[in-house]
Amino acid sequence: MPLVIRSVLPSDQAAWQRLWRGYCDFYQAALRDEVTQRTWARILDPDSAIMCLVAESDGQPVGFAHCVVHENTWETQPVCYLEDLYVDPAARGQGVGRALLDWLRNSMRAEGWARLYWMTHKDNAGARALYDQFAQADDFVRYVVRLPAA
Ligand SMILES: CC(C)(COP(=O)(O)OP(=O)(O)OC[C@H]1O[C@@H](n2cnc3c(N)ncnc32)[C@H](O)[C@@H]1OP(=O)(O)O)[C@@H](O)C(=O)NCCC(=O)NCCS
């Protein structure tokens, strides 16, 4: 299938929302509509550090990658954090996820990113089978402090 990786467009809103819902369901996350709306608004905002790539097959968005580009203390250049990667279940196993990661890796020099990095659940075997083809996982573990319920 002809596959195109491109930046998201305002006209992708309905398709993005459908994919985003699938991604939230995958994580069994019940996000408030306000969060989804804010995420979409920041994706389209050129002044926001959030960016969204879309994988389009036969004219239809079938996957996305959300990244946050940010400063860091270890390099002079910004780094790119891949926060979300999702492919429609019907389009999986056809190289869509790999194409999104390839696009990001191939863009590093042109975008001026010193690093591209991401994390995933240790038991996400499908994603890890893909990720292991790009980099070796390191030994860092994640700590998260949350606000106590109000
Ligand atoms: C993980 C995900 C993005 C992979 O997308 P995809 O388009 O199916 O991946 P690809 O077709 O590009 O797979 C490329 C390689 O990854 C491996 N792979 C991907 N999914 C796999 C799975 N479920 N089981 C085993 N291997 C898998 C394969 O080795 C494949 O290589 P091959 O072509 O040599 O067989 C997709 O399954 C998905 O959206 N999952 C749910 C959300 C998720 O887990 N996101 C990542 C959160 S960090």
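Two residues are in contact when they have heavy atoms within 4.5 Å of each other. Keep that in mind for R6, which touches D12, C52, L53, V54, E56 and P61, leaving aside residues up to four places away in sequence. This is a predicted model, where local features need pLDDT of at least 70, side-chain atom pairs count only at pLDDT 80 or more, and totals for chains, interfaces and linings use all residues. Residues are numbered from 1 along each chain as its sequence is written, and side-chain values use heavy atoms, with hydrogens and water left out.

So where is R6? You'll find R6 in strand 1 (residues 3–7); strands are DSSP runs of E, at least two residues, and helices are runs of H or I, at least four, numbered from the N terminus. The side chain of R6 makes polar contacts with those of D12 and E56. A polar contact is a pair of N or O atoms within 3.5 Å; within protein, one must be able to donate a hydrogen and the other to accept it, and residues adjacent in sequence count only if both atoms are side-chain atoms.

| Side-chain pair | Polar contact |
|---|---|
| R6 and D12 | 2.8 Å |
| R6 and E56 | 2.8 Å |

R6 is also buried, at 17% relative accessible area (buried is under 20%, exposed over 50%, partly exposed in between, using a 1.4 Å probe and protein chains only).

Elsewhere, the charged end of R115 sits over the ring of Y117, 5.7 Å from its centre. To count, CZ of Arg or NZ of Lys must be within 6 Å of the ring centre and within 35 degrees of the ring normal.
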